[in-house]
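Please work through each task before reading its solution.

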Amino acid sequence: MKEKDRKSEIGKAIGDNVRFMRLKRKLTLEELATISNIGVQTLKQIERGRTDCYVSTLVNIANALGTSTEYLVGNCSLDSPENLLYVFNLLSEEKRNFTENLIYQIKASPYEFYLLNSNTDNK
């Protein structure tokens with residue numbers, strides 16, 4: 001997948017999540033703009049998936065919506081290493097460190113194959 005296509009796909013997923021939460025909270029774009037201290041035009045572009053945004057912008061939006069940045073990026077397609085890495089880099093440094101440590105512990109575990117390849121459908 002090309003870099004531009006991946007950004008577009010992830011941007012659209014983030015925008016969809018922002019719009020969903022805004023509507024769920026019964027907020028207009030103007031109200032969200034006021035609460036989050038982000039311009040209405042910027043929010044429109046984010047909801048349409050037409051712009052990249054800084055992590056600090058996502059944090060402001062998440063706080064204004066009473067949700068987490070993880071939720072806002074949570075429905076992004078993570079079916080490729082590139083998409084996973086892109087979303088991973090949006091996490092806070094603390095959460096990246098936690099995730100890296102968890103992956104390291106799984107890899108060091110004698111159950112690595114089971115943990116990384118488990119399927120919840122198996123009985």
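**Exercise 1.** How many helices and how many strands are there in the protein chain?

*Solution.* The model is predicted: local features need pLDDT of at least 70 and side-chain atom pairs pLDDT 80 or more, while totals for chains, interfaces and linings use all residues. Residues are numbered from 1 along each chain as its sequence is written, and side-chain values use heavy atoms, without hydrogens and water. Helices are DSSP runs (H or I) of at least four residues and strands are runs (E) of at least two, numbered from the N terminus. By this rule the protein chain has 8 helices and 0 strands.

**Exercise 2.** Which residue forms a salt bridge with K12, and where do the two lie?

*Solution.* A salt bridge requires a side-chain nitrogen of Lys or Arg within 4 Å of a carboxyl oxygen of Asp or Glu. K12 pairs with D16, with the closest N and O atoms 3.2 Å apart. Both lie in helix α1, 4 residues apart, so about one helical turn separates them.

**Exercise 3.** Is R22 buried or exposed?

*Solution.* Buried means under 20% relative accessible area, exposed over 50%, and partly exposed in between (1.4 Å probe, protein chains only). R22 has 6% relative accessibility and therefore counts as buried.
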